[in-house]
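Dear colleague,

Please find below the structure I promised to hand over to you. My notes on it follow directly after.

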Protein chains: 2
Amino acid sequence: MHGTQKTDRPLPGFVGGTLDRVDHVRTNPALLAQAFADPAARRLVLDGLEPVEVEGHLVLEPIGADAQMMDHVLLGVDRQARPIFARLVKDLGPNLVPTPRSRAIAGLIPADEVALYGAARSLVHWHARHPFCSVCGGATQAVKAGWSRRCETCGAEHFPRTDPVVIMLAEHEGRVLLGRQHSWPEGRYSALAGFVEPGETIEEAVAREIHEEAGVRVHSVRYVMSQPWPFPSSLMIACVAQAQDDALRIDETEIEHAFWCDADGVRAAMAGDSDAPFVAPPQMAVAWHLLDHWLGKVVPAAPSA
Amino acid sequence: MHGTQKTDRPLPGFVGGTLDRVDHVRTNPALLAQAFADPAARRLVLDGLEPVEVEGHLVLEPIGADAQMMDHVLLGVDRQARPIFARLVKDLGPNLVPTPRSRAIAGLIPADEVALYGAARSLVHWHARHPFCSVCGGATQAVKAGWSRRCETCGAEHFPRTDPVVIMLAEHEGRVLLGRQHSWPEGRYSALAGFVEPGETIEEAVAREIHEEAGVRVHSVRYVMSQPWPFPSSLMIACVAQAQDDALRIDETEIEHAFWCDADGVRAAMAGDSDAPFVAPPQMAVAWHLLDHWLGKVVPAAPSA
């Protein structure tokens with residue numbers, strides 16, 4: 001319900017954008033030219049794909065008189081009626097992997113600015129990876145205010161990607177299944193996750209991923225919330241599923257380890273206790289919010305001491 | 001919950017696949033070669049992207065001895081332990097638009113075969129549109145059993161797309177908002193829909209699309225179900241949202257008309273009554289199931305006569 005309901009809790013990172021995306025401007029050359037030439041228009045300053053933060057805010061700069069609209073994407077119009085753009089970059093160099101800075105940004109600036117950065121990052125990244133047409137190999141050009149690229153040779157139109165990813169807790173008798181990847185910081189565990197594949201539902205993807213990674217069969221998949229994750233362009237779809245039993249058969253090419261954790265253990269980890277059974281994911285990650293949601297719903301298997 | 005729970009109702013089209021996708025085989029050359037050489041292995045027969053049905057089933061053919069694995073995608077292993085492949089096609093010609101045959105297939109063959117066809121169609125279509133690398137323009141080659149393409153020039157790896165689409169009913173005082181596109185058959189109305197964009201949640205996309213298309217502000221977005229839609233590769237995410245009021249401001253470039261329909265009207269349309277206020281979407285569409293779900297939940301604004 002994020003973005004449409006008030007809540008006491010912090011939002012996951014990249015959720016809660018407030019820009020009006022003004023879809024009708026993207027395909028209207030006159031309105032677009034007017035927005036680009038608007039003296040109030042601003043351009044988000046990025047360092048490659050990395051955010052630039054000064055005194056708790058992203059940096060927005062005026063757009064120079066020599067700038068070309070076709071080198072920009074129109075992110076939307078902000079609450080001060082300012083058209084907000086990002087500059088498209090032809091060559092990002094090899095450094096497309098998010099640095100600690102881009103992950104830490106969620107703690108430094110307001111939620112709506114984190115969301116603005118996330119959208120800009122995904123779009124700038126996508127353009128930089130699509131100067132050529134996948135159909136014919138010809139050169140492509142940004143069109144529709146940066147919301148599409150058209151091939152100059154064959155005319156094919158290409159749209160920015162958004163890759164749905166399921167991230168989920170399997171639940172069994174008051175405990176949830178947590179796993180860790182080989183590359184993660186010591187002690188960190190989180191919900192299992194994986195890309196939704198062509199030809200499957202969200203629920204089928206949840207069941208397939210949990211079975212592939214941990215050998216557990218699940219049913220009664222329940223959607224909880226979603227989050228855009230701009231590394232580079234995922235849509236995280238967070239769910240809880242009921243496990244048939246708690247026997248694990250871990251696929252060690254996918255995850256390093258997995259275990260069932262009870263509510264006390266999850267609560268201790270979320271509180272950052274030093275003797276917690278694992279290190280919780282950061283609050284910007286939807287996994288933190290999924291665990292928090294689960295703690296609010298869980299029925300303990302036995303009375304707690 | 002489709003695919004993981006039994007239900008009395010028919011499934012939306014393309015939901016309910018039963019193949020084991022054997023992810024571990026895709027990246028294991030020895031296991032993959034074994035699967036491809038398995039005398040039990042079968043290849044799904046397609047006519048371009050169109051399904052081929054004989055006596056209520058898809059047609060599966062043995063794989064010839066001169067066939068090359070790299071020209072195929074491994075869809076999975078069926079319940080008879082047969083590896084099932086589809087052949088990748090270099091040139092599909094101009095006819096990528098689904099014909100009535102590919103939409104009618106859901107009524108002709110079992111649900112799991114419809115799902116198999118949907119996955120195959122999305123993958124074959126994606127490969128045909130990606131012989132070149134979007135990063136450098138070089139030639140790409142199918143790898144990982146057809147679940148990826150690698151650029152022979154720059155080494156970039158490209159993955160099949162799955163494009164999340166929100167499809168939703170706005171609800172207001174016992175009525176739902178239905179719209180029709182200019183191109184639809186006469187009288188047909190359905191839920192509004194649109195692509196999830198980079199940088200937004202499912203809930204944010206629902207709110208944005210309803211506002212863009214009909215000028216209605218919504219809150220309390222609730223996820224209902226999902227469906228893969230292989231024209232070419234959407235993941236339909238069906239939701240219900242609460243409208244703040246019922247004033248409409250229709251964007252006529254997006255939709256031709258929209259109106260609020262009460263439960264009696266929806267019920268009549270679903271029953272195919274000739275005097276119903278609209279023609280319902282087909283049962284294979286998730287919109288049909290979303291309307292059916294809503295009818296089961298709706299609280300009438302006034303006692304029905």
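A salt bridge is taken here as a side-chain nitrogen of Lys or Arg lying within 4 Å of a carboxyl oxygen of Asp or Glu. Under that rule, six salt bridges are counted between chain A and chain B. Please bear in mind throughout that this is a predicted model.

The two chains

Chain A can be superposed on chain B with an RMSD of 0.0 Å, by a turn of 180° together with a shift of 0.0 Å along the axis. This is the relation of a two-fold axis. Both copies use the same surface, since 100% of the contact residues of chain A recur in chain B.

The interface involves 58 residues of chain A in contact with 58 residues of chain B. Together the two chains bury about 4,700 Å², and 53% of that area is on carbon and sulfur atoms. On the side of chain A, the residues A:S134, A:R161 and A:P198 supply 14% of the area buried against chain B, more than any other three residues.

As to the charged contacts, B:R21 and A:E200 meet through their side chains in a salt bridge, at 3.7 Å from N to O. There is also a network of salt bridges that links residues of both chains: A:R21, A:D23 and A:R26 from chain A, with B:E197, B:E200, B:R208, B:E209 and B:E212 from chain B. Over all chains, a search of the whole structure finds 34 salt bridges.

Salt bridges inside each chain

Within chain A, the side chains of A:R43 and A:E61 form a salt bridge of 2.8 Å, N to O. A:E61, with a relative accessible area of 25%, is partly exposed.

A further salt bridge in chain A joins A:E50 and A:R121 at 3.3 Å, N to O. A:E50 lies in strand 3 (residues 50–51) and A:R121 in helix 4 (residues 111–128), so this pair ties together parts of chain A that are 71 residues apart in sequence. Both A:E50 and A:R121 are buried.

Chain B has a salt bridge between B:R121 and B:E50, whose closest N and O atoms are 3.3 Å apart. Here B:R121 is in helix 4 (residues 111–128) and B:E50 in strand 3 (residues 50–51) of chain B, so the pair ties together parts 71 residues apart in sequence. B:R121 and B:E50 are both buried.

Domains of chain A

The domain assignment divides chain A into domain 1 (23–120) and domain 2 (163–297). In an unreviewed UniProt entry, the annotation "domain: Nudix hydrolase" covers residues 160–286 of chain A.

How do domain 1 and domain 2 of chain A meet, and how many residues are in contact? Five residues of domain 1 touch four residues of domain 2, and the C-alpha centres of these domains lie 32 Å apart. Between them, domain 1 and domain 2 of chain A bury about 420 Å², with 81% of it on carbon and sulfur atoms. A:P98, A:R103 and A:G118 supply 71% of the area that domain 1 buries against domain 2, more than any other three residues. Zero salt bridges are found across this interface between the domains of chain A.

A loop residue in chain A

Finally, A:P277 is located in the loop between helix 6 (263–270) and helix 7 (286–297) of chain A. With a relative accessible area of 45%, A:P277 is partly exposed. Leaving aside its neighbours within four places in sequence, A:P277 is in contact with A:F259, A:C261 and A:G265. A:P277 and A:Y189 are 88 residues apart in sequence, and their C-alpha atoms are 9.3 Å apart in space.

With kind regards

Conventions
Residues are numbered from 1 along each chain as its sequence is written. Chains are lettered from A and ligands numbered from 1 in the order in which they are written. This is a predicted model: local features need pLDDT of at least 70, side-chain atom pairs count only at pLDDT 80 or more; totals for chains, interfaces and linings use all residues. Side-chain values use heavy atoms; hydrogens and water are left out. Buried means under 20% relative accessible area, exposed over 50%, partly exposed in between (1.4 Å probe, protein chains only). Helices (H or I, at least four residues) and strands (E, at least two) are DSSP runs, numbered from the N terminus. Copies are superposed by least squares on the C-alpha atoms of residues with pLDDT of at least 70 in both. Contact means heavy atoms within 4.5 Å. UniProt positions are given in the numbering used here, feature names are shortened, and annotations may be inferred rather than shown by experiment. Domain bounds come from an automatic or database domain assignment. Buried area is the accessible area (1.4 Å probe) that two parts lose on being put together, summed over both.
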